[in-house]
Amino acid sequence: MNVTGCKCKGTCNDPTTCACALRNGSDFPYVSQNGGRLVEAKDVVFECGPKCGCGPDCVNRTSQKGLRYRLEVFRTAKKGWAVRSWDFIPSGAPVCEYTGILARTEDMDSVLENNYIFEIDCLQTIKGLGGRERRSQNGDGGVPANLLDKYDQSSESAPEFCIDAGSTGNIARFINHCCEPNLFVQCVLSTHHDLKLARVMLFAADNIPPLQELTYDYGYELDSVLDSDGKIKQMPCYCGAVDCRK
């Protein structure tokens with residue numbers, strides 16, 4: 001989908017004239033504090049992209065500025081590898097992007113032992129399909145209606161694309177699940193506006209002290225994961241949350 005960039009110069013400041021701010025519900029999704037922090041979780045964040053007039057220091061490019069915290073992979077007693085930060089992470093700060101090889105979800109159905117597949121379910125989450133919980137708690141989340149109209153019913157049934165980090169990925173693939181996580185998943189669009197190919201970013205849900213394990217909710221429905229025989233695969237949860245749902 002072709003994207004028309006904003007006409008701002010230097011940095012975007014006026015949400016009433018910035019085209020990217022208008023896509024976000026006539027406001028900027030970030031505040032400049034601490035190098036850029038997301039105000040609240042949204043269905044999708046529209047960032048400035050390569051066709052915009054603003055520069056790399058624009059606050060509406062917050063997730064594009066790379067890692068800003070020192071992250072460490074470490075070994076746990078029951079959960080295998082995990083990730084923590086040596087630095088304090090303020091609430092709303094971008095932590096990392098989930099990266100890997102872009103693939104069609106239907107081509108990955110046979111790879112049952114690959115635990116590093118992230119479905120790009122931005123569209124399904126907005127619609128609340130398949131038991132997914134909508135990320136935005138504020139009305140329509142700022143998603144333009146004409147953007148949703150571009151997708152027919154067949155494209156909504158299941159995520160068409162996924163990110164396969166099994167063989168190629170970054171530190172995000174080692175972040176464990178928790179039923180009460182300190183990170184949340186945020187779909188981000190900048191170079192295009194195709195919800196099925198949104199970037200998957202992880203943001204801090206709370207202030208996170210140094211050396212606390214980083215976690216996010218994988219979003220699996222109970223008894224939704226099947227083994228090679230089509231039987232329900234039991235997946236014990238070791239998150240330790242008070243309200244653990246498994």
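Of the 246 residues in the protein, 46% are buried. Buried means under 20% relative accessible area, exposed over 50%, and partly exposed in between (1.4 Å probe, protein chains only). The model is predicted: local features need pLDDT of at least 70, side-chain atom pairs count only at pLDDT 80 or more, and totals for chains, interfaces and linings use all residues. Residues are numbered from 1 along each chain as its sequence is written, and side-chain values use heavy atoms, without hydrogens and water.

The protein has four helices and 13 strands. These are DSSP runs, numbered from the N terminus (helices: H or I, at least four residues; strands: E, at least two).

Now the cysteines. The whole structure has zero disulfides, a disulfide being a pair of cysteine sulfur atoms within 2.5 Å. The sulfur of C12 has its closest cysteine sulfur in C58, 3.5 Å away, which is too far for a bond. C12 is buried at 4% relative accessibility. C58 is buried too, at 0%.

Next come the charged pairs. There are seven salt bridges, each a side-chain nitrogen of Lys or Arg within 4 Å of a carboxyl oxygen of Asp or Glu. One of them joins R70 to D87, with the closest N and O atoms 2.7 Å apart. Both residues sit in loops, 17 residues apart. R70 is partly exposed at 47%, whereas D87 is buried at 18%.

E72 pairs with R84, again with closest N and O atoms 2.7 Å apart. E72 lies in strand β4 and R84 in strand β5, so the bridge ties together parts twelve residues apart in sequence.
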